[in-house]
Amino acid sequence: MSDDTPQREEFTHDPIEHARARAGMTVGELAAEYGKAGVGASDLHRAVGITASMFGEEKTSVLFGLAGAMVPTGMRRLVVDLIRDGYIDALVTTGANLTHDAIEGIGGKHHHGREHGEGSLREHDETLRDEWVDRIYDVYLPQEHFTLLEEHLRAAVFPELERTVTIRELTAELGRATAEINASEGIEEDAGIAAAAFEEDVPVYCPAIQDSVLGLQAWIYSQTSEFSLDALGDMTHLNDVAYEADRTGAFVVGGGVPKNYVLQTMLVTPTAYDYAVQLTMDSPNTGGLSGATLDEARSWGKIEKAGENASVYADATITLPLVVAAARERIEGDQ
């Protein structure tokens, strides 16, 4: 080393290696190759390691936030499996995800579509409107499925709740009723997220339920019945889950209300998250919560100073299966 070389405190000798991809690799092996590289690849590799730690420790309670169009875009069964296999202790999600989850559980389906048609995007969407088809980017949903959902809610869910209940109680009843219809009618598709959560005694919180078709239907039904929702009632239950946990981990897909609802639980507990992973496409430089880094959350006392965290900035329909599969391979391969 030259005498002119400066003293280096930050720098260590840790050269970038070059990832390999070959036939026959497992997803865990591919994630390990990501660790040799930099930028997004190293972020994903770190997220896999932290996810394996939080999922693999029996004393760690995992609060899972699920925002975005994850159910209609095909991520439903992945979340169901995490619930059934004991990796999620509490789920915070959107009314939209629960809406689409119930639709599939009672026999409806989402379909592959197109982002745009032959002509302009406006003409494409106007044609879909005339055909009674709703579009979620490149996913189509026939509107009659919402009629199917309304009939299900009015026949099997809301009548069982003719009183003021918490949103958690509503999601549990939705899961119970959907599981029952799914089984009795022999529906090929899995009963879904709410049903799995009900059967595994995993609470499902939906703090912004009003912002969905499920919320609209609940409001309409409440106009002519004793049914009503307590918007604050779930906060005690969720905060108790966090307060009583030995260790905690936050796994957040997307941003918005589910992300904040998961993270803010630590503002009223004596500790903070030991592990945190977020998968998002939102930029942090706008100052909004959806894109805020998990390091920023540490300044609020939401993550322990010594806590481990990773953020992966990419489409969650790509990163969620990769991270979960690689983490589960690491955990279950040791069993």
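**Aromatic pairs and a helix crossing**

Tyr-221 is buried, its relative accessible area being 10% (buried means under 20%, with a 1.4 Å probe and protein chains only). Phe-227 is likewise buried, at 2% relative accessibility. These values come from a predicted model, in which local features need pLDDT of at least 70 and side-chain atom pairs count only at pLDDT 80 or more, while totals for chains, interfaces and linings use all residues. Residues are numbered from 1 along each chain as its sequence is written, and side-chain values use heavy atoms, leaving out hydrogens and water.

Rings of Phe, Tyr and Trp (its six-membered ring) pair if their centres lie within 6.5 Å, and planes over 60 degrees apart count as edge-to-face. Six aromatic pairs are counted by this rule. Elsewhere, ring pairs join Phe-55, Phe-64, Tyr-87 and Phe-251 in a cluster.

Helix 6 (residues 144-157) and helix 9 (residues 213-222) have axes that come within 11 Å and cross at roughly 45°; helices here are DSSP runs (H or I) of at least four residues, numbered from the N terminus, and axes are lines fitted to C-alpha atoms over the stretch in contact, with angles from 0 to 180 degrees between N-to-C directions. The contact involves Phe-146, Leu-149, Glu-150, Leu-153 and Arg-154 of helix 6, and Val-213, Leu-214, Gln-217, Ile-220 and Tyr-221 of helix 9.

Methods: Rings of Phe, Tyr and Trp (its six-membered ring) pair if their centres lie within 6.5 Å; planes under 30 degrees apart count as stacked, over 60 as edge-to-face and the rest as tilted. Buried means under 20% relative accessible area, exposed over 50%, partly exposed in between (1.4 Å probe, protein chains only). Helices (H or I, at least four residues) and strands (E, at least two) are DSSP runs, numbered from the N terminus. Contact means heavy atoms within 4.5 Å.
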